[in-house]
Amino acid sequence: MYKNFIKRVIDFILVFVVLVVIWPIVLLITVWLHFANKGAGAFFFQERPGKDGKIFKVIKFKSMTDERDTDGNLLPNELRITPIGAFIRKTSIDELPQLFNVLKGDMALIGPRPLLVDYLPLYSREQARRHDVRPGITGWAQVNGRNAISWTKKFELDVWYVDHLSFLLDVRIICMTIMKVLKRADINSSADKIGIERFNGKN
């Protein structure tokens, strides 16, 4: 009951209330980024696989400009990231717009992080079970090492979460996430942008 219905209801109510409270902050950051990014926009959209592998567009705050060199190529990331962009990455504020993904039903507050669509053919059958539930803004793998553990271990933790999903586990993950954000532990803005060659133990 919790997995198939109550979890979604709780997510919707919590996110709706949070957005009502923080919308002035979201608006302020949006306007700030619009100007800081030199017209490149305040939001970043990227296709990710959701529940059952269904593709949706994840929303994040955009932390870089779209500045290009004389040949029309994008400048290196370190030259395009803005001071506010670096700040919102470091504090994980860039993830806030994903609350709208949760409201829409594309994501949940808690679940396996949605990775790039390019990696779908690379999952083993067991690893692909991470898509049996909605992806989350944070998850069991994120509070148990995130960038300090191998991708194989992360996928094991994702599948473990799918098999043990419960209200108490979600509450535990939320509490652990808050502590990690406050301590700025295991935070890496490029965590979802792994190289294909690192999949399934390849280094």
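Visitor: What should I know before I start reading?
Guide: Welcome! This is a predicted model, where local features need pLDDT of at least 70, side-chain atom pairs count only at pLDDT 80 or more, and totals for chains, interfaces and linings use all residues. Residues are numbered from 1 along each chain as its sequence is written, and side-chain values use heavy atoms, with hydrogens and water left out.

Visitor: How many of the residues count as buried, as a percentage?
Guide: Buried means under 20% relative accessible area, exposed over 50%, and partly exposed in between, with a 1.4 Å probe and protein chains only. The chain has 203 residues, and the share that counts as buried is 42%.

Visitor: Is D158 buried or exposed?
Guide: Look for D158 in helix α5, which covers residues 151–164. Contact means heavy atoms within 4.5 Å. Leaving aside residues up to four places away in sequence, D158 touches P112, R130 and A141. With its relative accessible area of 3%, D158 is buried.

Visitor: Where does D52 lie, and is D52 buried or exposed?
Guide: Find the loop between β1 (43–49) and β2 (55–61), as that is where D52 lies. Its phi is near 60°, a positive value in a residue other than glycine. At 61% relative accessibility, D52 counts as exposed.

Visitor: What is the relative accessible area of S92?
Guide: S92 sits in the loop between α3 (83–90) and α4 (98–104). Phi of S92 is near 65°, again a positive value in a residue other than glycine. S92 is partly exposed, and its relative accessible area is 21%.

Visitor: Among contacts between residues at least 6 apart in sequence, what percentage join residues at least 24 apart?
Guide: Picture pairs of residues that touch although they are at least 6 apart in sequence. Of those contacts in the chain, the share joining residues at least 24 apart is 68%.

Visitor: How many Å apart are the mean positions of the positive and negative charges?
Guide: Lys and Arg count as positive and Asp and Glu as negative, while His and the chain ends are not counted. Each charge is placed at NZ of Lys, CZ of Arg, CG of Asp or CD of Glu. For the 30 positive and 21 negative charges of the chain, the mean positions are apart by 4 Å.

Notes: Helices (H or I, at least four residues) and strands (E, at least two) are DSSP runs, numbered from the N terminus.
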